[in-house]
Structure formats: structure tokens, C-alpha cells
Amino acid sequence: MSHKEQYQHVIELQKRVIDEMKHLEDEQVIPSALEHAKEKAIAWAEAVEKEDGNDKSYREWPPKQFAHELKKNITLFGNHEGTQTIREYEEAVGKIKYHADHEEV
């Protein structure tokens, strides 16, 4: 699987996770760290989809941070489908190779 395919897979799963989060947002039970990580992951996905092939500009940290916050708060999702989607996302993010030299601050 190429970088681009990996990123697309992560983005698709991320969209499913964010859909799962909608009812939690309505109930206002999402911790601020998770909300902040979600916003950064959304911005990351938009940048990846815009860039189209320039691997050096991709930063792997936002989806990894989002996956970490999701795992810490997985009990909020309760239902099997939600937790399964989070596990799939976490697994897909884990397969992204982390390149510290590509990290931008």
C-alpha cells in the first residue's frame, strides 16, 4: 500500500469516527483534548487531500494524536460499532511510517 493509499484509508476511517462522535458532541461529553485532536486531524486530512503526492509536507502526528485520545476515551463510544471503528482507525494510523524529519511545527 502506497503512502497515498494509506493516508486515504486513514482519512476514510477518520470520517467514520467523526460521524460516531456527533452524538457525543450533542451530549457535550467530549473532553477538550479529544476535541482539539479531532480538529487537528481534520486539518491534517484536508492538507493531505489538497497536497496530492508531496509526501514531505505530510505530518503524521495529528492522526496519531487523535488515535491516542480516542483510545483514552473509547468508553464514551459505548456501542460495539463505535469502538470497532476506533480500533480500525488506530490500527491504520499505526501503519503510517513516522518521519520526524518531515514534522513541521
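Beyond its neighbours within four places in sequence, Q6 is in contact with M1, K95 and I96 in this predicted model. Q6 belongs to helix α1, which spans residues 3-27. A polar atom of the Q6 side chain lies 2.9 Å from the backbone oxygen of K95. The relative accessible area of Q6 is 14%, so the residue counts as buried, the limit for that class being under 20%.

Attention now turns to charged side chains. Side chains of opposite charge can pair when their charged atoms come close. The structure holds eight salt bridges. In one of them, E88 meets R16 with an N to O distance of 3.6 Å. Because E88 lies in helix α4 (residues 80-94) and R16 in helix α1, this pair ties together parts that are 72 residues apart in sequence. E88 is partly exposed at 29% relative accessibility, and R16 is likewise partly exposed, at 40%.

A further salt bridge joins E90 to K71, with the closest N and O atoms 3.6 Å apart. This pair links distant parts of the chain, E90 being in helix α4 and K71 in helix α3 (residues 61-72), 19 residues apart. E90 counts as partly exposed, with 26% relative accessibility, whereas K71 is exposed at 53%.

Salt bridges with shared partners also join E25, E35 and K38 into one network. Within it, the side chains of K38 and E35 meet at 3.3 Å, N to O. Both residues lie in helix α2 (residues 32-51), three residues apart, which is about one turn of the helix. K38 is buried, with a relative accessible area of 8%, while E35 is partly exposed at 22%.

Conventions
Residues are numbered from 1 along each chain as its sequence is written. This is a predicted model: local features need pLDDT of at least 70, side-chain atom pairs count only at pLDDT 80 or more; totals for chains, interfaces and linings use all residues. Side-chain values use heavy atoms; hydrogens and water are left out. Helices (H or I, at least four residues) and strands (E, at least two) are DSSP runs, numbered from the N terminus. Buried means under 20% relative accessible area, exposed over 50%, partly exposed in between (1.4 Å probe, protein chains only). A polar contact is a pair of N or O atoms within 3.5 Å; within protein, one must be able to donate a hydrogen and the other to accept it, and residues adjacent in sequence count only if both atoms are side-chain atoms. Contact means heavy atoms within 4.5 Å. A salt bridge is a side-chain nitrogen of Lys or Arg within 4 Å of a carboxyl oxygen of Asp or Glu.
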